[in-house]
Amino acid sequence: MVQLLNGVVGYIWLAVLGLCIGSFLNVVIVRLPEGRSLWKPRSRCMACQTQIAWFDNLPVFSWIFLKGRCRHCKQNISIQYPIVEFSSSLLFLLCLWRFGWTFELFCALILLIFVLPLTVIDAKHWILPFELTLPGIAAGLLCGLFQGWPGVESAAIGALAGFLAFRLLEYLGWLIFRKEALGGGDKYLLALLGAFLGWKALLSVLFFASLQGALFGGLKLLLTGRAGPSAGLSEAEEALPEPTFLPAFLRPGLRFWKRLGLIPYTLFFQPIPDDFMNEEEASSEEEWQPGVTNMPFGPWLALAGLEYLLLAPHVQRLLEGTSLSWLFSV
């Protein structure tokens with residue numbers, strides 16, 4: 001009986017933790033693309049700018065109690081807030097079900113903390129900020145470090161293979177279509193997933209992300225005439241060619257590598273090969289808006305990564321003996 005109660009208390013504690021972290025991730029989702037501080041000022045109503053009291057800022061419950069409206073101006077509060085908070089809590093519990101109280105659970109929760117805001121930001125703004133992807137890659141490598149040499153090897157190879165594989169696809173897209181066929185930030189997200197999940201997961205993640213994205217995009221295109229979201233990109237939301245949080249003394253060094261055309265900058269930071277476009281094409285690229293068949297790929301990479309994280313052993317058992325069993329080798 002005591003053991004059962006301890007188990008229930010553990011699940012409740014983790015669920016509440018997931019709700020609280022989900023509330024903070026909403027702040028990241030809203031403020032990071034706009035370049036605003038994540039810490040100041042305190043949360044305010046987006047419509048009337050009234051500071052939100054603590055009892056109106058309880059994850060999920062306050063939104064339900066207020067019926068999705070601001071207490072002061074009665075304007076609607078986006079349903080994104082309770083969805084992200086609830087999803088965070090649910091995924092935390094699923095990770096506990098998958099890994100138990102182990103170090104793998106800790107690493108899985110860290111992965112979720114990076115993947116959830118990246119998913120929503122990419123779906124809304126078509127960007128995957130360096131401020132999340134690069135620290136996420138570092139966190140994955142650090143988790144591998146605490147698992148001994150096999151963990152270090154798996155994380156390092158996974159991150160490098162994920163980045164280079166997508167970088168190669170990006171260049172092939174430019175060579176074949178003479179335009180951007182893949183998002184520049186997707187390779188960093190795949191490197192992040194590779195660092196946490198290991199290199200064996202990458203083929204499965206790419207396969208199922210492409211399959212699910214194609215099915216959803218095709219169906220949405222058929223029903224609505226547009227595969228992805230139609231919102232345009234503001235200047236504050238455009239992806240930058242280099243991480244904005246790098247110390248100032250490092251940025252001239254990156255520009256130096258770019259001017260010389262050397263491999264380190266070209267491979268890791270230059271988003272578009274300059275010699276692939278003439279001036280007219282470069283001008284149109286600066287004014288790019290998503291077309292009816294365009295859709296952000298980051299959310300599908302994230303979904304496939306979470307599916308692998310939570311379901312890989314179970315799916316592997318189901319596919320054992322079939323031609324698809326190699327996709328879920330864990």
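The points below describe the fold, the helix contacts and the salt bridges.

This is a predicted model, in which local features need pLDDT of at least 70 and side-chain atom pairs count only at pLDDT 80 or more, while totals for chains, interfaces and linings use all residues. Residues are numbered from 1 along each chain as its sequence is written, and side-chain values use heavy atoms, with hydrogens and water left out. The secondary structure of the chain consists of 12 helices and 0 strands.

**Overall architecture**

- Helices (H or I, at least four residues) and strands (E, at least two) are taken as DSSP runs and numbered from the N terminus.
- Read from the N terminus, the order of elements is α-α-α-α-α-α-α-α-α-α-α-α.
- Of the 330 residues in the chain, 40% are buried; buried means under 20% relative accessible area, exposed means over 50%, and partly exposed lies in between (1.4 Å probe, protein chains only).
- Among contacts in the chain with a separation of 6 or more, 68% join residues 24 or more positions apart, a contact being heavy atoms within 4.5 Å.

**Helix 3**

- Helix 3 covers residues 80-99, and its 20 residues should span 28 Å at 1.5 Å a residue, which agrees with the 28 Å between its end C-alpha atoms. The expected span is 1.5 Å times one less than the number of residues.
- The buried residues in helix 3 include Q80, P82, V84, E85, S88 and S89. Also buried in helix 3 are L91, F92, C95, L96 and F99.

**Helix 4 and its partners**

- Helix 4 (residues 103-125) has 23 residues and reaches 34 Å from first to last C-alpha, close to the expected 33 Å.
- Just after helix 4, W126 adopts a positive phi of about 65°.
- Helix 4 packs with helix 7 (residues 186-197) at an angle of about 165°, their axes being 11 Å apart. That makes helix 4 roughly antiparallel to helix 7. Axes are lines fitted to C-alpha atoms, for helices over the stretch in contact, and angles run from 0 to 180 degrees between N-to-C directions. Angles under 35 degrees count as roughly parallel, over 145 as roughly antiparallel, 65 to 115 as roughly perpendicular and the rest as oblique.
- The crossing of helix 4 and helix 7 is left-handed; a crossing is left-handed if the near helix is turned anticlockwise from the far one by less than a right angle, and right-handed if clockwise.
- On the helix 4 side, C107, I110, L111, F114, V115, L118 and D122 meet D186, L189, L192, L193, F196 and L197 in helix 7.
- Helix 4 also packs with helix 12, at about 155° and with axes 8 Å apart. This angle makes helix 4 roughly antiparallel to helix 12.
- Helix 4 passes helix 12 in a left-handed crossing, where A108, L111, L112, V115, T119, D122 and A123 of helix 4 meet G298, P299, A302, L306 and L309 of helix 12.

**Helix 8 against helix 12**

- The axes of helix 8 (residues 202-224) and helix 12 (residues 298-319) come within 8 Å and cross at roughly 125°. Helix 8 is therefore oblique to helix 12.
- This crossing of helix 8 and helix 12 is right-handed. Helix 8 contributes S204, V205, L206, F208, A209, Q212, G213 and F216 to the contact, and helix 12 contributes W300, L301, L303, A304, G305, E307 and Y308.
- Q212 lies in helix 8 and touches W300, L303, A304 and E307, not counting residues up to four places away in sequence.
- Q212 and W300 are 88 residues apart along the chain, yet their C-alpha atoms are separated by 7.0 Å.

**Salt bridges**

- The structure holds 2 salt bridges, each defined by a side-chain nitrogen of Lys or Arg within 4 Å of a carboxyl oxygen of Asp or Glu.
- D56 pairs with R71 in a salt bridge whose closest N and O atoms are 2.7 Å apart. The pair links distant parts of the chain, 15 residues apart: D56 is in the loop between helix 1 (2-31) and helix 2 (61-65), and R71 is in the loop between helix 2 and helix 3.
- D56 is buried, with a relative accessible area of 12%, whereas R71 is partly exposed at 36%.
- E34 forms a salt bridge with R36, with the closest N and O atoms 2.9 Å apart. E34 is partly exposed at 43% relative accessible area, and R36 is partly exposed at 35%.
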